[in-house]
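Hi everyone, thanks for coming. I'd like to walk you through one protein model today, so please have a look at it with me.

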Amino acid sequence: MVDTVAGSDMPALFGARGYPPTLEWIARRAEAFVIPLAALIVGMALFSLFIALVGKSPILLYETMWRGGFGSWFSVQNSLSRAAPLLLAALCVALPARLGLVVIGGEGAIVLGGVGAAAIGVALSGAPSSIVILAMGVAGMAAGGIWIGAVGALRHYRAVNETISSLLLAYIAIALMNQLVEGPLRDPASLNKPSTQPLADIYRIGNIPGMDVHWGLVVGILACIISWVLIEKTRWGFAARIAGGNVRAAQVQGLAVGPLIVGFTALAGGFAGLAGMLEVAAVQGSANASLAAGYGYTGILVAFLARHNPLAIIPVAILLGGIDASGGLIQRRMDLPDATVLVLQGMIFIIILLSETFYGRFKAFNPDLWKRPDLVRGTA
């Protein structure tokens, strides 16, 4: 008795390696989900040991963290509000990463975007609200785009390491913001906390109907979707992926690597600057030291945890926004410092970096390494 599978029918049933094409499709994409998830779990497990060593209950900690971030409608809205700037800050890391660049200075673009937006909002006081809000958005994006675009220009034309330059420029941007807010742009009425003149109510960005969350969340989600389309569906995104894989190969193919690097870094900085504008127009009402709230640095973790995928940034930003939102409740209920969540984020980030060594090592995620089974078997 002989059981056979006709050779002409095999391509319709199985992939090139003898497995269903759907299974191969899932396997190739599962790695980018499974490894970051495992890194997140390991990071939280290590943090549990740290909490146990200081005499607190890890179970109570995570229960409190859940309640503070997602346990009620109020908590969810608070988490979504904190996720809005993280979406745009993460794009400041994710877009250059497609070109093989590690840009970590988004905090500088955020604060300068906020200052630029505040300055334009005050200067155009009296103009129609739609024009002023649009001008503030353009000013915020321009300030952030120029700042991070300079990082790309330094990297391509002067071979300056983008990680170091972007980080140093972030400190310069914060110092420049302090100088402007405490100097020429300062509102004389701001005594204890120097800030720019407050925006009129008509120039403030309101909340989404039915929610206590400002429209910046929608802007951030749209920015992630647009970024995904840019990277995955356009020739510029295709060229960026080629340049990120091998710059010399891209140059041999005639791609303009320099404009690609400067353009993508400028766009990334523009998104971070837009986050600063939204903080001014929707949250703070003026530019002040609160702009340097650390969103740019948390955005680094969001981008790496999402594997620099703009669509994956959306749920990861909401998760990290919830963790940030729970810091106050953890402080009150467990008598732990508010910075406890920063320790958790730091541990997760270290494990995420360590997990990079595991990509491409598991045969389960690489159908090209699967052994083809015997599809034609004979038994006497």
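I'll talk about a pocket, some salt bridges and a surface patch.

Keep in mind that this is a predicted model. Let's begin with the largest pocket, which holds about 750 Å³ of space. Its lining is made up of 20 residues, and Ala32, Phe33, Ala306, Arg307 and Ala312 are the ones nearest the centre. Which helix gives the most to this lining? That's helix 2, with eight residues. By type, the lining has 12 nonpolar residues, one polar and seven charged.

In the whole structure, the search finds five salt bridges. Another one joins Arg98 and Glu232, with the closest N and O atoms 3.3 Å apart. Arg98 is buried, because its relative accessible area of 17% is under the 20% cut-off. Glu232, at 31%, is partly exposed. Arg98, Glu232 and Arg241 also belong to one network of salt bridges that share partners.

Finally, the surface: Leu222, Ile225, Ile226, Val229 and Leu311 form a nonpolar patch there, with about 410 Å² of accessible area together. Helix 8 supplies the largest share, four residues.

How values were computed. Residues numbered from 1 in each chain as written. Predicted model: local features only at pLDDT ≥ 70, side-chain atom pairs only at ≥ 80, totals over all residues. Heavy atoms only, no water. Patch = residues over 30% accessible without salt bridge, like charges linked within 9 Å, V, L, I, M, F, W, Y side chains within 5 Å. Areas by Shrake-Rupley, 256 points an atom, 1.4 Å probe, with all protein chains shown as cover. Salt bridge = Lys/Arg side-chain N within 4 Å of Asp/Glu carboxyl O. Helix = DSSP H or I, 4+ residues; strand = E, 2+ residues; numbered from the N terminus. 1 Å grid on protein atoms, 1.4 Å probe; cavity = no way out; pocket = protein on both sides within 12 Å on 5 of 7 lines; lining within 4 Å. Points joined across faces, edges and corners; volume = space filled by probe spheres on them. Nonpolar A, V, L, I, M, F, W, Y, C, P; charged D, E, K, R; others polar. Buried < 20%, exposed > 50% of the residue type's maximum accessible area, 1.4 Å probe, protein only.
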